[in-house]
Amino acid sequence: MLATDHIETAQQFLRDADREYEAGDILQASEKLWGAASHVVIAEMKRREMPVRTHRQTVEAVNALADEFESPSLADWFIAAQGLHRNFYNGDLDDADFLNHRRRVIWFVERMIELTG
C-alpha cells in the first residue's frame, strides 16, 4: 500500500468505528479506531521510508513525530489508541471510557493528517 492508501484506510476506519459503535459493538469500534491510528502513522513512516514491521517501530515513530512537531499530545493520543486495541481483546472499557479514548484517537488522526499531509 502507498502512504495515500493508508490515509484513506485510516479515514474509512474512523467511519467504520462510528457505524460499529452506533450498532452497539464497542469491541469492533475499538479495533477500527486502533486501525485508524495505526494506518495514519504507517502512512508517515512510508513517506519517510522508515521500516514498518513491528508495533514497537510504530510507537517509536509516534514518539519521534511528537518530538519533531513539538506536540507531545500526539504520543498521549496514540496511547489512547493502544488502549482501544487492548479493549478489543479484553472488553474492559465502559462506554464513557470508550468515548474518551475515541475522541483522542479522532484528534490524533486529524492532527497527524494536518501535520504530515
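Predicted model: local features only at pLDDT ≥ 70, side-chain atom pairs only at ≥ 80, totals over all residues.
Residues are numbered from 1 along each chain as its sequence is written, and side-chain values use heavy atoms, with hydrogens and water left out.

**View 1. Helices α1 and α5 pack against each other.**
Here helix α1 (residues 3-22) meets helix α5 (residues 95-116) at an angle of about 160 degrees, with the axes 11 Å apart. That angle makes α1 roughly antiparallel to α5 (a term for angles over 145 degrees). Axes are lines fitted to C-alpha atoms over the stretch in contact, and angles run from 0 to 180 degrees between N-to-C directions. Helices are DSSP runs (H or I) of at least four residues, numbered from the N terminus.

Contact means heavy atoms within 4.5 Å. By class, the contact of α1 with α5 has eight nonpolar, one polar and three charged residues.

**View 2. Thr116 is a buried residue of helix α5.**
Thr116 has a relative accessible area of 13% (buried means under 20%, with a 1.4 Å probe and protein chains only). Leaving aside neighbours within four places in sequence, Thr116 touches Glu44, Arg47 and Phe69. The side chains of Thr116 and Arg47 are joined by a polar contact of 3.4 Å (a pair of N or O atoms within 3.5 Å, one able to donate a hydrogen and the other to accept it; residues adjacent in sequence count only if both atoms are side-chain atoms). A polar side-chain atom of Thr116 also lies 2.5 Å from the backbone oxygen of Met112.

Note on methods:
Helix = DSSP H or I, 4+ residues; strand = E, 2+ residues; numbered from the N terminus. Parallel < 35°, antiparallel > 145°, perpendicular 65-115°, else oblique. Nonpolar A, V, L, I, M, F, W, Y, C, P; charged D, E, K, R; others polar. Buried < 20%, exposed > 50% of the residue type's maximum accessible area, 1.4 Å probe, protein only.
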